Amino acid sequence: MAMQKARTQGTHQQAVEAGAEHYDVLIVGAGISGIGGAYHLRQQCPDTSFVILEAEESFGGTWWTHRFPGIRSDSDLHTFGYGFKPWVGPPIATAEEILSYMGEVIEENELAQYIRYGHKILKADWSYEDSLWTIEAVGAETGKTVRFTCNFLWMCQGYYRHHEGYTPDWPGMADFKGVIAHPENWPEDLDYAGKNVLVIGSGATAATVIPAMAETAAHLTMLQRSPTYFRSGRNAIDIAETLRELQVDEEVVHDITRRKIMYDQAAFTDMCFETPEAVKKELLAQVRTLLGPDYDIDKHFTPSYLPWRQRIAFVPDGDLFHGIASGKASVVTDHIDRFTENGILLQSGEELEADIIVTATGFNMNVMGDIAFSIDGKSVDFHETVTYRGMMFTGVPNLAWVFGYFRASWTLRSELIAAFVCRLLKHMQASGATSVAPALGEQDKDMPLFDWMDEDSFNPNYLKRAMPILPKRGDKRQWQHTQDYWREKDEFPAIDLEDEVFVYRWGARSNVAAE
């Protein structure tokens with residue numbers, strides 16, 4: 001303990017000399033992962049000093065920055081919410097409901113004192129000599145650069161640019177006389193009442209925007225290049241309703257409901273890979289039931305890929321399909337030739353007229369928050385690293401990265417990583433280690449390396465566009481970001497922190513050892 005205390009005092013002095021504030025841990029982002037990480041730090045590492053730097057003016061991440069009509073979760077809040085705080089509302093929740101829930105977590109656990117809003121991080125440099133990260137951020141109010149140092153950097157900032165959606169550069173966009181709006185940059189004063197709205201895209205965002213706008217718009221058209229899989233059902237969980245009728249405590253309701261949802265999700269995922277045609281038939285049957293036997297399901301709702309190779313959007317209470325069945329919305333499956341003054345000309349020759357065009361065409365991944373990383377002044381190219389279980393990078397010390405699941409709720413994985421980080425921090429404190437980084441052992445140095453995600457397993461366009469900035473993966477589970485919560489929930493707590501994959505350092509640069 002004395003060694004740890006002396007080391008902390010030393011790093012504080014180095015920070016003072018550098019004109020910086022020092023913390024043991026610096027968390028990037030006050031979204032669902034960052035707030036969860038802060039909670040676990042307080043609970044599991046109460047003597048650890050930390051700060052959360054958030055670029056926005058409030059907490060919430062996606063649920064704060066996105067303001068488009070109808071914004072809601074596409075994962076159930078029993079599992080997207082935290083394991084430590086019961087969710088008592090409808091499983092598919094609005095942004096307002098999610099922000100309220102997160103606000104309660106912050107208040108109940110006194111986390112507000114740790115959050116610095118309006119701090120956009122520009123640079124992060126690791127020094128082996130000092131065993132410190134030096135962080136440069138710009139303050140939103142002052143525009144001045146501020147500096148922080150930390151022993152451990154915890155990246156909870158999400159994985160895409162919140163204020164820059166992906167929009168293809170279609171010919172003729174400047175010719176369109178109406179309004180073009182992307183969901184990530186939604187105009188606050190956009191009036192769509194009585195207007196003809198054309199939504200480009202058919203993912204979860206389109207499935208959210210269309211029912212919400214259909215309430216007042218004259219007509220909505222969903223224009224898609226190719227169809228997407230959807231699941232539909234009641235915005236309720238039967239087992240949760242039954243347990244509440246039996247007056248079971250909410251903590252127990254939360255735990256059992258989470259277990260049931262996760263079990264069902266795992267079973268459904270297994271079915272998608274073992275009997276994909278049967279799952280496809282089931283999904284399309286749901287749509288056919290909602291739209292009727294005469295609707296052209298083959299053309300508009302039958303994807304060319306197998307289920308779960310891309311995210312499957314859940315449509316609560318079938319609202320998207322009810323809008324289509326009622327005539328308030330329609331679907332067109334075709335390719336864009338160009339924009340025109342009055343709308344969009346399709347390759348088929350048909351022109352779709354619109355007053356407003358919504359480009360629900362996805363987002364741009366930025367992986368590490370568009371932060372310029374370096375180690376001893378040398379730039380870090382994360383594509384040249386290998387991922388350790390989708391949360392650390394070879395050769396990058398004292399850094400954890402939160403990237404959730406595609407086929408289950410993001411937060412399930414963020415809490416597994418939080419528990420691992422806290423265990424790692426306590427292990428380092430007990431041993432006196434000043435840094436740790438994963439490294440390929442002798443048996444792994446010659447293993448084949450691949451792109452971060454297997455396209456045969458999961459292949460959305462936003463992920464394929466980002467492959468050049470994502471780390472590589474190996475052919476063993478510990479060198480991959482898997483989608484298997486049911487295995488990782490047991491694997492992560494069992495990670496041997498003295499395994500040779502973890503290269504620790506004590507003190508000076510020359511004192512290197514691997515436990």
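**View A. Serine 435 lies in strand β24 (residues 435–438).** The model is predicted: local features need pLDDT of at least 70, side-chain atom pairs count only at pLDDT 80 or more, and totals for chains, interfaces and linings use all residues. Residues are numbered from 1 along each chain as its sequence is written, and side-chain values use heavy atoms, with hydrogens and water left out. Strands (E, at least two residues) and helices (H or I, at least four) are DSSP runs numbered from the N terminus. Serine 435 has 2% relative accessibility and therefore counts as buried. Buried means under 20% relative accessible area, exposed over 50%, and partly exposed in between (1.4 Å probe, protein chains only). Leaving out residues up to four places away in sequence, serine 435 touches Trp126, Tyr128, Pro397, Asn398, Met428, Val503, Tyr504 and Arg505. Contact here means heavy atoms within 4.5 Å.

**View B. Glutamate 57 sits in the loop between β2 (50–53) and α3 (62–65).** Its relative accessibility is 65%, so glutamate 57 counts as exposed. Trp64 and Tyr117 are its contacts once neighbours within four places in sequence are set aside. Glycine 404 is 347 residues from glutamate 57 along the chain, and their C-alpha atoms are separated by 24 Å.

**View C. Five strands make an open parallel sheet.** The 5 strands run in the order β8-β17-β9-β10-β13. Strands pair if DSSP finds at least two bridges between them. The edges belong to β8 and β13; each has a single partner strand, so one side of each lacks a neighbour in the sheet. From one strand to the next, the twist averages 20 degrees. Axes are lines fitted to C-alpha atoms, for helices over the stretch in contact; angles between N-to-C directions run from 0 to 180 degrees.

**View D. Strand β17 (residues 356–359) is covered on both faces.** In a regular strand, side chains alternate between the two faces of the sheet. In β17, Ile356 and Val358 lie on one side and Ile357 and Thr359 on the other; all are buried. Strand β8 (residues 179–181) runs parallel to β17, joined by 3 bridges. There, isoleucine 180 stands opposite isoleucine 357. Strand β9 (residues 196–200) is also parallel to β17, with 4 bridges. Leucine 198 has isoleucine 357 of β17 as its bridge partner. Valine 197 stands opposite isoleucine 356 in β17.

**View E. Helix α6 packs on the sheet.** It touches β9, β10, β13 and β17, and its direction makes about 165 degrees with that of β10. Helix α6 (residues 204–213) is mostly covered, with 8 of its 10 residues buried. Those buried are Ala206, Ala207, Thr208, Val209, Ile210, Pro211, Ala212 and Met213. Their cover includes β9, β10 (219–224), β11 (230–233), α11 (319–326), β13 (329–333) and β17.

**View F. Helix α7 (residues 238–245) meets helix α8 (residues 250–274).** Two packed helices are described by the angle between their axes and the distance between the axes. The axes of α7 and α8 come within 9 Å and cross at roughly 155 degrees. The pair is therefore roughly antiparallel. Angles over 145 degrees count as roughly antiparallel, under 35 as roughly parallel, 65 to 115 as roughly perpendicular and the rest as oblique. The crossing of α7 and α8 is right-handed. That label applies if the near helix is turned clockwise from the far one by less than a right angle; anticlockwise is left-handed. From α7, Ile239, Ala240, Leu243 and Arg244 make the contact; from α8, Glu250, Val253, Ile256, Thr257 and Lys260 do. These residues divide into 5 nonpolar, 1 polar and 3 charged. Ala, Val, Leu, Ile, Met, Phe, Trp, Tyr, Cys and Pro count as nonpolar; Asp, Glu, Lys and Arg as charged; the others, Gly among them, as polar.

**View G. Helices α8 and α9 pack at an angle of about 115 degrees.** Their axes are 5 Å apart. Phe268, Met271, Cys272, Phe273 and Glu274 of α8 contact Pro276, Val279, Glu282 and Leu283 of α9. By class, this contact has 7 nonpolar, no polar and 2 charged residues.

**View H. Helix α9 (residues 276–291) crosses α11 at roughly 40 degrees.** The axes come within 9 Å. The angle makes α9 oblique to α11. The crossing of α9 and α11 is right-handed. Val287, Leu290 and Leu291 in α9 meet Phe321, His322, Ile324 and Ala325 in α11. This contact has 6 nonpolar residues, 1 polar and no charged ones.
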